[in-house]
Amino acid sequence: MAFLAALSSDTGVPLFSRTKGDLPQLPFPVIGALNSVHLFATQHSATLASTLSEDAKVVWRVYHDKIMLILVAGEEGSTDIHFQNMMDFMFNAMVSVTGLDSLVDSKNSERLKRDARLSFSLIDTLLFGTELLGPLTYAVDICATSETSLLEPVLNEFAEAAETQFACVLIMGRVAAATQGWWDLAPYDSVILSILCSHHPQSSCQDIPVYLPDASPNTPHRLLSLKVIEGFTVALLCEAQPTLEDVRDQLLPSIWSGHMDMVHRCLRSSARNLPPHVPLEPSLLGFILINDEKHRCLSSYVLGLGVEQSNVADSLSHTQRRLTLTSFYKSTIGPMFPHPLHVEGSDTDLRGTIPHQPVETYLCAEEYKCYALHFNFHQLFALFSADTPTYSLRSLSYTTLDTLISHPLINI
């Protein structure tokens, strides 16, 4: 459960509030009191980042001395850095819809409220959570498929015909192939674009004005997303041309219609999110692999990831595996492993009390075992069946990492 409030930091005027779960709206006097506490600290040269109550955490974040976000959340194992990262994504979601200048330079509170409403659905997606891990890991979700080498030339041809350097293929919301321009986008930009492309699943095509929070916060672009078939989307960042009709009626069928067999093969492998015949351990139930340097994230939670089907009775569903791994990630990143946006002195930062940088950790529970390792610029979070010998977790995890990062069809 969580509650988010946005205020004008200079006047204290509430702009909007959003809730997750069965929570009542916080009364205005409570929101005003939370704002006053932060203001009091600021006036006395203190920084108030967060505080704890009996059953919740309160986190404050101020952007450009204009917009304040206050997040009240139940304890979910997340440290300050995860809450701050989520709030940063929420603010950048507002920027992506309205532009930075419209948010920070507006003198009219009512107009600011109207502008902020445009980003409600995107903020709710971030607040309620999504299958995509990008808002949590600060890395764009990718899809690993055996068709990548065939997708890339078709996509490049499509981008060249549309006269843009920014194009990608999304399979179930994950980037399967992209032009170099798209790969070079900052994490805030690429993650928010991935969410926007899958934001309206009922639409077969979209033409959305969008600001890039990092690359272009004040100049809008056009985000064109078009479904080739359900689950397979092509996205472009364009200027005034070409029109959506030209792309939908001419470019899309002329370039992609001859490759529908390849499109269907990509979709068949999307559930596993791995190319076929990747030799992984049968006891591996799922993993999250992150490249800190390229800001890419690969994840899979499907039973029988290895060559042979595990004979071990498994009681963890797909959703439970995802939640288990994300919970393990939250408890590890920040306290032990560095977050890309790490703030020195954040709560439960154990690294300040340990004379070395932790690079491995593990967790044993009744239904599963987890192992995390940080090697160079890769971080792997692996979920194993409960009967996997604890002494073998380390070697199995390093073998898994080596298999994944050395595979020619996995671009991470």
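Before you click, note that the model is predicted: local features need pLDDT of at least 70, side-chain atom pairs count only at pLDDT 80 or more, and totals for chains, interfaces and linings use all residues. Residues are numbered from 1 along each chain as its sequence is written, and side-chain values use heavy atoms, with hydrogens and water left out.

Start with the open sheet, whose five strands run in the order 8-7-11-10-9 with antiparallel pairing. (Strands are DSSP runs of E, at least two residues; helices are runs of H or I, at least four; both are numbered from the N terminus. Two strands pair if DSSP finds at least two bridges between them.) Colour strand 8 (174-178) and strand 9 (205-212): these are the edges, each with a single partner strand, so one side of each has no neighbour in the sheet.

Next, select strand 7 (residues 167-171) and strand 11 (residues 232-238), which are antiparallel and joined by five bridges. Zoom in on Leu170 to find its bridge partner in strand 11, Thr233.

Now show helix 7 (residues 148-161), which packs on the sheet and touches strand 7, strand 8 and strand 11. Contact here means heavy atoms within 4.5 Å.

Notes: Axes fitted to C-alpha atoms, helices over the stretch in contact; angles between N-to-C directions.
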